[in-house]
There are 4 protein chains.
Amino acid sequence: MQNKGTSLTKYTGKASLMKTEFSLDTDHLHEECGVFGVFGHPNAAALTALGLHALQHRGQEAAGIVTYDGVQFHIERHLGLVGDNFTKPSVMERLKGDCAIGHNRYSTAGGPNLRNVQPLFAEFAAGGFAIGHNGNITNARTLQQKLQRKGSIFQSTSDTETIIHLIATSDQGVLADRIVDALQDVQGAYSFVALTSKKLIGCRDPLGVRPLILGDLEGSPILVSETCALDIISAKFIRQVEPGELLIITEKGLESRRISKPKLKRSCIFENVYFARPDSIVEDLNVYEVRKKIGAQLAREHSVDADIVVPVPDSGTPAAIGYAEASDLPFELGIIRNHYVGRTFIEPVDAARHMGVRLKHNANRGVLAGKRVVLVDDSLVRGTTSMKLVQVVRSAGALEVHMRIASPPMPNSCYYGVDTPEKSQLLASHMSVEEMRKFIGADSLGFVSIDGLYRAVGEAGRNNESPQFCDACFTGDYPTRLTDKESKLC
Amino acid sequence: MQNKGTSLTKYTGKASLMKTEFSLDTDHLHEECGVFGVFGHPNAAALTALGLHALQHRGQEAAGIVTYDGVQFHIERHLGLVGDNFTKPSVMERLKGDCAIGHNRYSTAGGPNLRNVQPLFAEFAAGGFAIGHNGNITNARTLQQKLQRKGSIFQSTSDTETIIHLIATSDQGVLADRIVDALQDVQGAYSFVALTSKKLIGCRDPLGVRPLILGDLEGSPILVSETCALDIISAKFIRQVEPGELLIITEKGLESRRISKPKLKRSCIFENVYFARPDSIVEDLNVYEVRKKIGAQLAREHSVDADIVVPVPDSGTPAAIGYAEASDLPFELGIIRNHYVGRTFIEPVDAARHMGVRLKHNANRGVLAGKRVVLVDDSLVRGTTSMKLVQVVRSAGALEVHMRIASPPMPNSCYYGVDTPEKSQLLASHMSVEEMRKFIGADSLGFVSIDGLYRAVGEAGRNNESPQFCDACFTGDYPTRLTDKESKLC
Amino acid sequence: MQNKGTSLTKYTGKASLMKTEFSLDTDHLHEECGVFGVFGHPNAAALTALGLHALQHRGQEAAGIVTYDGVQFHIERHLGLVGDNFTKPSVMERLKGDCAIGHNRYSTAGGPNLRNVQPLFAEFAAGGFAIGHNGNITNARTLQQKLQRKGSIFQSTSDTETIIHLIATSDQGVLADRIVDALQDVQGAYSFVALTSKKLIGCRDPLGVRPLILGDLEGSPILVSETCALDIISAKFIRQVEPGELLIITEKGLESRRISKPKLKRSCIFENVYFARPDSIVEDLNVYEVRKKIGAQLAREHSVDADIVVPVPDSGTPAAIGYAEASDLPFELGIIRNHYVGRTFIEPVDAARHMGVRLKHNANRGVLAGKRVVLVDDSLVRGTTSMKLVQVVRSAGALEVHMRIASPPMPNSCYYGVDTPEKSQLLASHMSVEEMRKFIGADSLGFVSIDGLYRAVGEAGRNNESPQFCDACFTGDYPTRLTDKESKLC
Amino acid sequence: MQNKGTSLTKYTGKASLMKTEFSLDTDHLHEECGVFGVFGHPNAAALTALGLHALQHRGQEAAGIVTYDGVQFHIERHLGLVGDNFTKPSVMERLKGDCAIGHNRYSTAGGPNLRNVQPLFAEFAAGGFAIGHNGNITNARTLQQKLQRKGSIFQSTSDTETIIHLIATSDQGVLADRIVDALQDVQGAYSFVALTSKKLIGCRDPLGVRPLILGDLEGSPILVSETCALDIISAKFIRQVEPGELLIITEKGLESRRISKPKLKRSCIFENVYFARPDSIVEDLNVYEVRKKIGAQLAREHSVDADIVVPVPDSGTPAAIGYAEASDLPFELGIIRNHYVGRTFIEPVDAARHMGVRLKHNANRGVLAGKRVVLVDDSLVRGTTSMKLVQVVRSAGALEVHMRIASPPMPNSCYYGVDTPEKSQLLASHMSVEEMRKFIGADSLGFVSIDGLYRAVGEAGRNNESPQFCDACFTGDYPTRLTDKESKLC
């Protein structure tokens, strides 16, 4: 993650010409990264491009691939979508070699900047080292200051570079030892892939907050953030990388080491119910089925006398199908999404600002007029989208609008690699459910309960003594220290 | 439309740097254009950009806007999406004035080229004239040869330029008369908007094959290809422009003239059931409802003992919902679409060619495994997509795959502005339904009947004496002459 | 030439991205174009690129090449220098074929715009036709209006396009007849090259104002504006194209026709003494020697008691050498020119505006301090450059500065293809020599006389009854009508 | 300098799109860098841009400027000429602040790459630090390996980055002490400017091999590589920075420290006689006058019976004037240079390869035919240019060609920041003067003697005990160790 606001340096070289103006969709949460790695396959770069394409929902601002061809590393990092950059013959031909790692990035408010695009690369005394990272280190700024005082020079504001400098300055001998040594000082959530001239490395933080999965394609080990990146290349799912596990893949095979003593897993519950693609398997559960179950749970917790169930496309669709089935109401496409909305539309056209959400969503009047509508979305963050959608649905002639949210109220920011607004901008941080209902203008508003959420993922409920997941955004129960925040460094 | 293959000239100036390599999605039909016009509104350019954005599904290769500010015309034409170009302040600030026309273009195999991007502009002796056109003129090449022999010089291969030269060389006096005169020689389908220093003009061909709609925003007349372009700017729907009607909008108001004697309308049935956005009203019918009715009709005509109904997203979704309801089977998202698939992905990565359709569609195994699946799509053109989807669904563990197509078999090319493969590449031109079933590998295959299709749009069936629509792609019954084709000029 | 100020249309598409901001060097005259043609040589495009490179001084804003490969025409037109565009393999590989024409363009105040870059290309009924033109047609706007009234549509504001439309609409049969017919209506100065699928054509206006030369390389005919374009490819000089001559080069050989009855030649005296490269042979005279002779003549007409002769580099260098030799004074490089001054420097840096000419010229103090300096330049147009140079030389310690100008005072604009300021901005149009001396701040100022100038080109003096050259800029004696100017169309 | 061939990493991100293909002019030597600094002037960035423009001859591949505005540093680095980049309002407006440093770079064979463009910037624990460097460190790779082993991570292959890491890892306290400490380990030639939030710093290596000059503009201190960069902004020359001097300029004034004990100066004799602009004052001598004296010395050492003296423009012009005066022969422009030759022309056009030097130089036949020619150039490196020029002059009809070179034979490479071919490619490393004469095909060949060269700069001759200049390229007498070369690291 980019540590915001700390550098007074402003780089405005050529790279800025490539800067895409974009309006952050500030009413949704964003996963910040997806990673991919492959060892020993003749199509390493192409497989990585395909895997990153399947993981595109985890980061759309930029992507990068590093390959090693036995002699040289080749590095390509580009702002924009995978499909817009990593399909050009000129780019792909340069990515020679049978080992590769790749990274998708969702940029935060600091803006897109090639300097922060991953994988990062460093020339160690022992040779080249490339790394791509998903997550966020909660003491990155603290560590950076310490390293700078000892003479390390940082080129980016990425917390990934902190890991590189920790490895570079470790007093241990071989690389695996240096990595284990470096990570002892690191707090937070991280899943990373790394590539050297001899090794593909994968590592997941001690709590396993962010996902990392091991697969196999024709004998070549594959590392991915989500199983959909295995599907796209017809690779087999082998297993999840364990929390605190360091995987070292060489020509001789796969070695597993630990970077920490085993702890209880606290994987992010939002990966399953929100970020991941519906066709992914997360923590052994089919994401689409989980979301339908949340919808059904929501129907049980917040039933209502209505005519139709309408999803906010596409994020609310699986839960709406579940809700419709459980409540025996018709499922109807009452809102049509314009898929050509890129990240760029709204900002520059002043006239458009006032028209807001209709750029992306239009009411389907024929469906909505005269109906009592259950509107299902996956989350409510700032509430602005919900407010506009309620208006859109009403102005198309709906008699009643009942908003149902397939996640609990969210009053807390995430510090583990999810781009959330500041706490003060989260509607649930300062409003009751009834206040939120009034804010968005719905006739009723219902959130799935936290226990209902846990039931949808197969638990009997939340174990408050020892929670089965990281759910800090809902509960405020952060499983690691937040050192930079405590020191007001971020 | 671009007349293919006739020019031996190859322009490769700077414009070609902007050329986007793209793989035509050759297994779907493409509408070629969308048009928009507004007269006398202070935000003319912004409204046009928004309208074109809502019409983006009608043409994604390029877009253009022409405005007139009382003194000058301003012309911006760009390859790429509306949202990528017509949101830049630098572009929008140049589009001064309160009258504007705009155009979206879907380019054919000849490739994207700024020369062919519309609106086209010409300096007549009487002043500037901009025009954007949706449709295809079936004697454009014949007319072009005639004009060239009299000394007209063509700059593009667009049939729109033929209209411009006919107007320029007309021996009539005022512009309206020149247009009516020019169009007497023109065969085919066309709906166009035009802008002069004093007038906004809209015109629809004598049979009304392509749509054109009149709306109103705060007293300013608006012309659009589909009603969704009115919705996005909260404009009112007034009426359809009539077949053979020439609308001349000036400061004094709206004048309606005829370019031909009234004939029976033959509007394109595919606009309603295939191209138009589901939230548009086409020929007074809600498109989404029509598609659900086709799905229900399909369930009646081709019922099957199955477990779930799965749409090919997003094109097959409304029909699948209709099918599921009519057959009382669960509607499930068994195929997940990757919305980040641009037009560029497949080609350059060789390894990807063999993986084909999974770039765009992935099976949702949890849903499909062990199920008898009804798979619903909107059309079957070459059959390659259907074949791959049947494989994808089977390889995810489906026990049976029953393909249902929400349109009749299509053995004929369109010559009225829809980009269809040549007849020989249309599967239905040389295969029976059973042969097609074998080709795509489905357990059963059913198309909605031609009469079923007419019933879904509210008719009792097709009136074979005097068909209510243009349905030449299904029936081969072309409502105009195809002069260029007869002369082997195209 | 671009007809200034007539069109209210503003094209601001992608092409404008390529627009080079540039400050016209408004205190010098600029030749507007150079042309090149080759017939039947395997390296046609490369030879053309080289020839245009040698003619780069005749136009730096843009260049274009058209080739014909027996099947197709290939067109490349680019803003910028020949060496920056026509050396890229991607560009050169597209220019297939063994016949080619090329064109360098110096853009006028209307600004660089790909639409106006030549060669222009048109698809006639009889096939493709490319043309590149050097000169200016003095009734182009008048002809354009006439053509537009008959239905011709103009795409550019280039007077070259007027020639194309005249040929297209001629009622004659074969191309040569159509060209002769078209040119009957054309007034002004023009030398053009044209290419069809079978012919290379060269033509010079009836007075031969602008140059055109026939050469030969290994049996392939070559047409060039100046002999230096023959030298660069080691081609032989054959002869000048005659005034009023139309050369038609085909596989069968070279045919010469006349477009007018023979008249007395009035070639531009400035080609020889000012625009042409010093190593060119113009009208059978070595340009460098002519300029040295003008310097010597200047020494005779305006001798002065001084210490050193200093050229304004590089334009004044040959005349300064001639002056130094004739006056037996040392020739010294007292002003150093920065060759990295492109067209872009001065404008944007506000601070630089006040420092003006030093961006391009710096005083060489060691040479100038304490000296009485004769400063030699080739012309005095607005006087601003001379004023600054006098200051620069004085501030470096020169005791006296005697300015000598190697051309007569110039009170008149050129309408034959040379970019001159309007008459009102020409210093000599409203000042006596003494007033000009005061304006530039020199201790003395001397111009070569008009008869002195004629003597340097080998004449006894100017024949005022029947002048041997076009010298309208000095004398106001225009050898053709200026129809557009008389009609206030330009 | 970029250390060639040491890194196996290949960066090919977006930056490579900006890569200019260029043919290194391999038969001339190239200065690698120019630097500029200004403290406390409201137009800091504009002055820096102008200064870099005046120093453009010292490096044409790239330029960069860093400013500090009291809060932030602003960094702009661009490939290409100063005038093409640092005149754009968008660029200049970003360079806020009243302190600035700038750098011109001549890239070596490794190619242009934004990563290596200076000034480099690093965020030290104590704040930002920007540095631009002229010269070459002869133990840079050795130091880099040592630093990497301690954990420093290098982003570029620039030896300038080595200086940054040495400062960052110094165990001294304040910046000035850290710099002095860091430089103790550094061997070679360097003159650098640096900028922090409080200081402008200038430093020259202990022998003063590369130049650095202190000037003043309206009370603001200025640092420049050559005096011509003072002239362009009308700044005053104050003094040369002394060898081994560290200048620290703050708001309180100018502090001078020493980085080494005083040694005898060994400034590069080539700065004066070859690289510097003729209007610069180098080591208190006017460069133009020095070159004329070398020409005169050459006439004395190698007189010949001839008709004219012709310079190879523009490098040989001052010496040719000196030669002509001393030998009383006419000075004539027998070779015309095409100033539009950029760095890009020759390579891509195959046909051009054989035509070679004529792209840049054309014979002026009228001058040369029938003459005995003395051809004067400034140096003879590989001999290929001289060979071609002799041919060009002969083929224009010269009877005899006598080549005179205004520097001694050069058998040795430079390791102090001048881009020289490897020793094996230097003609003088393996040929006698007579062999070289035959190689280039001249009738006679003469070089100025080493003592003659020293006399032209005001010495009685070379003091072989304690040479007054660095003249290693002529004599092989390197004034510092060449550690990397000895260790085969470069």
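Modeller: B:Glu283 is found in the loop of chain B that runs between β16 (281-282) and β17 (285-286). The model is a predicted one, and the angles and contacts below should be read accordingly. Phi of B:Glu283 is near 45°, a positive value in a residue other than glycine. Most residues other than glycine have a negative phi. B:Glu283 has 20 other C-beta atoms within 10 Å; the threshold for burial is 20 or more, and therefore B:Glu283 counts as buried.

Most peptide bonds are trans. In chain A, however, A:Gln118 and A:Pro119 are joined by a cis bond with omega about -5°, and A:Pro119 belongs to the loop between β6 (99-105) and β7 (120-124) of chain A. In chain D, a cis bond with omega about -5° links D:Gln118 to D:Pro119, and D:Pro119 sits in the loop between β6 (99-105) and β7 (120-124) of chain D.

Turning to the strands, β14 (residues 245-250) of chain C is largely enclosed by the rest of the structure, because five of its six residues are buried. Strand β10 (residues 200-204) of chain C pairs with β14(C) in the antiparallel sense over four bridges, with C:Ile201 opposite C:Ile248. Strand β14(C) also pairs with β15 (residues 253-258) of chain C, again antiparallel, over six bridges. Within that pairing, C:Glu245 has C:Arg258 as its bridge partner. The strands β14(C) and β15(C) form a hairpin, with two residues between them.

Chain D contains an open sheet of four parallel strands in the order β18-β21-β22-β24. Its edges are β18 (308-311) and β24 (444-447) of chain D, each of which pairs on one side only. On average, neighbouring strands of this sheet are turned by 25° against each other, direction ignored. Helix α10 (residues 317-327) of chain D packs on the sheet and touches β18, β21 and β22 (400-405) of that chain, its direction making about 170° with that of β18(D). Helix α13 (residues 384-395) of chain D lies across β21 and β22 of chain D and runs at about 150° to β22(D). Four bridges join β18(D) to the parallel strand β21 (residues 372-377) of chain D, and D:Val310 stands opposite D:Leu375 in this pairing.

Burial is also marked in helix α1 (residues 44-54) of chain A, where eleven of the eleven residues are buried; among them are A:Leu47, A:Leu50 and A:His53.

Finally, the largest nonpolar core comprises 313 residues, of which A:Val393 and B:Val393 touch the most other members. Another core, of 312 residues, lies apart from it and includes C:Ala54, C:Ala63, C:Ile232 and D:Ala46. Neighbours within four places in sequence aside, A:Val393 is in contact with A:Gly334, A:Ala363, A:Leu368, A:Val373, A:Leu375, A:Ala398 and A:Val401.

Conventions
Residues numbered from 1 in each chain as written. Chains lettered and ligands numbered in written order. Predicted model: local features only at pLDDT ≥ 70, side-chain atom pairs only at ≥ 80, totals over all residues. Buried ≥ 20, exposed ≤ 12 C-beta atoms within 10 Å, placed from the backbone. Pairing = 2+ DSSP bridges. Core = buried A, V, L, I, M, F, W, Y, C linked by C-beta atoms within 7 Å. Contact = placed C-beta atoms within 7 Å. Axes fitted to C-alpha atoms, helices over the stretch in contact; angles between N-to-C directions.
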